[in-house]
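Here is a friendly note to read alongside the structure. It follows the charged side chains and then turns to one helix.

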Amino acid sequence: MTDTWKKFKQGAPEAFEALYNLYVDDLFNYGCRLTHDTVLLKDSIHDVFVELWKYRKTIVDVQNPKYYLLKSLRNKLFSNSKVVPLYTNNQFDDIFEKPSDELADRLLLSEEQHKWNKKIINKLMNNLTARQKEAIHLHFYHGFTYLEMTSLMQMNYQSILNLMQRALKALKQEAVQIKHA
């Protein structure tokens, strides 16, 4: 458990503000993957933080505050709306720009390589299903373990493993096709 989380649970307003500042962008970015309704999303993020402060004394100690907040937001979105649309293929043209930039930066050999990598990663991601995109994003962009993903995605562990295996296999197959094209 982080020191900031401990201080927040003890009622320190500056720790609460630090948590908000640290995670609000991640919550918004993740929420954009779950709904196109930005009003609903902003209201849900607000509700998450209001309830976080209100129930801080009874909230369990968590090892990963980011995971806890993303899970809370996902639950709040589902409870605040009857239907939350999941990923759409067109949505990922812009959404995966940031993660693909980060991945491409790791592989960066030149500016041209960077541009090529970004284009390829976006093309590869657009060939995945909505759930596969969500799983890849949670695992590689947010760094969640498969076990954490089971709760967040409301799937059992074996289903997460199967989903990731199919996603990675699809990415690999598409990458091989692109390489040989």
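How many salt bridges does a search of the whole structure find?

1. The search of the whole structure finds 5 salt bridges, each being a side-chain nitrogen of Lys or Arg within 4 Å of a carboxyl oxygen of Asp or Glu. Please keep in mind that this is a predicted model, where local features need pLDDT of at least 70, side-chain atom pairs count only at pLDDT 80 or more, and totals for chains, interfaces and linings use all residues. Residues are numbered from 1 along each chain as its sequence is written, and side-chain values use heavy atoms, with hydrogens and water left out.

2. Start with Asp61 and Lys9, a salt bridge whose closest N and O atoms are 3.5 Å apart. Asp61 sits in the loop between helix 3 (38-54) and helix 4 (65-80) and Lys9 in helix 1 (residues 3-9), so this pair ties together parts that are 52 residues apart in sequence. Helices here are DSSP runs (H or I, at least four residues), numbered from the N terminus. Lys9 is buried, at a relative accessible area of 17%; buried means under 20% relative accessible area, exposed over 50%, and partly exposed in between (1.4 Å probe, protein chains only).

3. Next, look at Glu51 and Lys76, which form a salt bridge with their closest N and O atoms 2.7 Å apart. This pair also links distant parts of the chain, with Glu51 in helix 3 and Lys76 in helix 4, 25 residues apart. Glu51 is partly exposed at 34% relative accessibility, whereas Lys76 is buried at 13%.

4. Glu134 forms a salt bridge with Arg131, and the closest N and O atoms are 3.2 Å apart. Both belong to helix 8 (residues 130-141), where being 3 residues apart separates them by about one helical turn. An α-helix has 3.6 residues a turn, so residues three or four places apart point the same way. Glu134 is buried, with a relative accessible area of 0%, while Arg131 is partly exposed at 22%. A network of salt bridges links Arg74, Arg131 and Glu134.

5. Which residues of helix 8 are buried? They are Gln132, Lys133, Glu134, Ala135, Ile136, His137, Leu138 and Tyr141. Just after helix 8, Gly143 takes a positive phi of about 75°.

Conventions: Helices (H or I, at least four residues) and strands (E, at least two) are DSSP runs, numbered from the N terminus.
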